[in-house]
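Have the model open as you read.

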Amino acid sequence: MSNTPVTIIGAGLGGLTLARVLHVNGIASTVHEAEASPTARAQGGMLDIHDYNGQLALEAAGLMDGFGDLVLEGREAARLVAPDGTVLFDQPDDGTGGRPEVQRGELRQLLLDSLPAGTVRWGHKVSGARALGGGRHEVTFADGSAVVTDLLVGADGAWSRVRPLLSAAVPAYTGMSCVEVYLHDADTRHPASAKVVGGGALYALAPGKGFVTHREKGGNLHTYVMLARPQEWFADIDFTDPAAAVARIAGEFDGWAPELTALITDADTAPVLRPLAALPVEHRWERVPGVTLIGDAAHVAAPNGEGANLAMLDAAELAQSLATHPDDIETALATYEQPMFPRSAETATEGTELYAVMFGEDTPHGLIEMFTGESQPTN
């Protein structure tokens, strides 16, 4: 049994940012992560890190120079096409945007490299957490080990094992899932699809469905095939048979331009189903001594480009609050939570509205209007 000053569960961007900003402020922490190593799985795709939240966290972490080295030039370009492949809107990346794109895995590695050796304990999957009284908590791990801490932070994502200490809320299905696939070396091997995607992000949308594709490093195209279907509909698809699953998903886009449907039919990776779940928009909890949540553990919402940014900002603000109130954990936690609750609720609301624009009956007109600020004629 060990006792640590700040115990963080989860070595995603939020947990690592928290550990880094605490370290900058002279506060020790330990991060417990279920994965066996930093390379145990692929770390997702591209992230746009915003100047009003994620970059503020990186400034607090003293990592803006390293972040600048990771930015992929030109990736803020955005293109919207009709199902027949007609380009409806094309916005180049002129270098003046406030949302530079990086690879999630590289950003995570930047954070890992900034921490003292041994900060992250890999292969520590949480099996349970319980209050011991007086603000202290015990966390047990699947390997039989345990830790007692005066301050426990759940940075462990949508299905947090720490959240039940604070809240009975669990994420609910949003009504939409995405199927994730990649085309590798697309400029050479899949030139038609590479051409339609362009230099940054592609949106090909219709009511209740669409393709959202990002151009990543090395000419890789990372596609999220979006479908508003019940979970039962997806349950009838055998994803252990990739060819059959691809055929079933692609069938929902019958009649679409071949360079678009090829984003899934020619995929170089097996399709991965990702149901999108969200906590209630106004999710919050009463102050419980010695424990709090950041990121998706606190406020998972349908993906809208803000999740990683919010997790990092949560982390930085929590660390700074602890540094400001070193002898009063409860004041520090309350000071962190007070602005976090309305901020995350506002962002989740905006995300819900964005999905209505992207996948509602008026798509793509509403999205073009959002991009351009000009109203669009409807048919």
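E180 is buried, with a relative accessible area of 9%. Its partner is R274: the two side chains meet in a salt bridge, 2.3 Å from N to O. The pair joins distant parts of the chain, with E180 in strand β13 (residues 172-183) and R274 in strand β17 (residues 272-278), 94 residues apart. R274 is partly exposed, at a relative accessible area of 40%. Note that this is a predicted model.

How many salt bridges does the structure hold? The count is 14.

| Arg | Glu | N to O distance |
|---|---|---|
| R130 | E138 | 2.7 Å |
| R274 | E180 | 2.3 Å |
| R287 | E337 | 2.7 Å |

Take R130 and E138. R130 is partly exposed, with a relative accessible area of 45%. E138 has 12% relative accessibility, so E138 counts as buried, the cut-off for buried being under 20%.

Now R287 and E337. Why does this bridge tie together parts that are 50 residues apart in sequence? The reason is where the two residues lie: R287 is in the loop between β17 and β18 (291-293), whereas E337 is in helix α12 (residues 329-359). E337 is buried, with a relative accessible area of 3%. R287 is partly exposed, at 25%.

Salt bridges also form a network. R229, R248 and E252 are its linked members.

## Aromatic rings and charges

The structure has six aromatic pairs. One of them joins W233 and F234. Their ring centres are 4.9 Å apart and their planes stand at 85 degrees, so this pair is edge-to-face; the cut-off for that class is over 60 degrees. Both W233 and F234 are buried.

Is the pair of Y355 and F359 stacked, edge-to-face or tilted? Here the ring centres lie 5.7 Å apart and the planes are at 50 degrees, so the pair is tilted. Both residues belong to helix α12, four residues apart, which is about one turn of the helix. Y355 counts as buried because its relative accessibility is 14%. F359 is buried too, with a relative accessible area of 8%.

Ring pairs also build a cluster, made of F211, F253 and W256. F253 has a further contact: the charged end of K209 sits over its ring, 5.6 Å from the centre.

W233 carries a charge over its ring as well. The charged end of R229 sits there, 5.7 Å from the ring centre.

Rolling a probe the size of a water molecule over the atoms shows where empty space is left. The second largest pocket contains about 230 Å³ of space. Its lining has 14 residues. Which of these lie nearest the centre? They are T174, A302, G351, T352 and Y355.

Helix α12 gives the largest share of the lining, four residues. β13 and α12 each supply at least two. Y355, named above for its ring pair with F359, is thus among the residues nearest the pocket centre.

Note on methods. Residues are numbered from 1 along each chain as its sequence is written. This is a predicted model: local features need pLDDT of at least 70, side-chain atom pairs count only at pLDDT 80 or more; totals for chains, interfaces and linings use all residues. Side-chain values use heavy atoms; hydrogens and water are left out. A salt bridge is a side-chain nitrogen of Lys or Arg within 4 Å of a carboxyl oxygen of Asp or Glu. Buried means under 20% relative accessible area, exposed over 50%, partly exposed in between (1.4 Å probe, protein chains only). On a 1 Å grid over the protein atoms alone, a cavity is a set of points where a 1.4 Å probe fits but cannot get out, and a pocket is an open set with protein on both sides within 12 Å along at least five of seven lines; lining residues have an atom within 4 Å of a point. Grid points are joined across faces, edges and corners, and a volume is the space filled by probe spheres set on the points. Rings of Phe, Tyr and Trp (its six-membered ring) pair if their centres lie within 6.5 Å; planes under 30 degrees apart count as stacked, over 60 as edge-to-face and the rest as tilted. A charge sits over a ring if NZ of Lys or CZ of Arg is within 6 Å of the ring centre and within 35 degrees of the ring normal.
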